[in-house]
Amino acid sequence: MKLAFLFHPVKDLLKSQQYYEGLGMKEAWREGNQVLGLSMPDCDVQLMIEEDELELGPGGVFVVDSVDQFYEDNQSKLNFVKTPCTIPPGRYAIYQDETGNTIRIFDSSNKD
């Protein structure tokens, strides 16, 4: 697993974008009007803000080789709150640790 993003669910993407850009972050990528990646100076990890999953709160987003394999290997050990599903770059799932912290995983299986 490799940390790729810090995920922050937001109520208003544009307002949040303006706030974070005011702190010196820059738009790195966007998917429509719902999700946005922001780069931070001297940091490989990006901030991802999205108008979704507000109830799950913020957390890390980790790249894995295969979400489906990770799920298969760990479904009996981890509390998955979202089973593997398809997103534009690949596959995605969410689990929570023993104290309720949200951990998101994805792979790039749909990237060309």
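At what relative accessibility does Asp68 count as partly exposed? Select Asp68 to begin: its value is 34%, which places this residue in the partly exposed class, where buried means under 20% relative accessible area, exposed over 50% and partly exposed in between, with a 1.4 Å probe and protein chains only.

This is a predicted model, in which local features need pLDDT of at least 70 and side-chain atom pairs count only at pLDDT 80 or more, while totals for chains, interfaces and linings use all residues. Residues are numbered from 1 along each chain as its sequence is written, and side-chain values use heavy atoms, with hydrogens and water left out.

Asp68 belongs to helix 2 (residues 67-74) and Arg91 to strand 7 (residues 90-96), 23 residues apart; helices (H or I, at least four residues) and strands (E, at least two) are DSSP runs, numbered from the N terminus.

Now move to Glu53, which is buried at a relative accessible area of 7%, and show Arg104, whose side chain meets that of Glu53 in a salt bridge of 2.9 Å, N to O. Arg104 sits in strand 8 (residues 102-106), whereas Glu53 lies in the loop between strand 4 and strand 5, 51 residues apart.

Finally, select Lys82, which forms a salt bridge with Glu53 at 3.9 Å between the closest N and O atoms.

How values were computed:
Salt bridge = Lys/Arg side-chain N within 4 Å of Asp/Glu carboxyl O.
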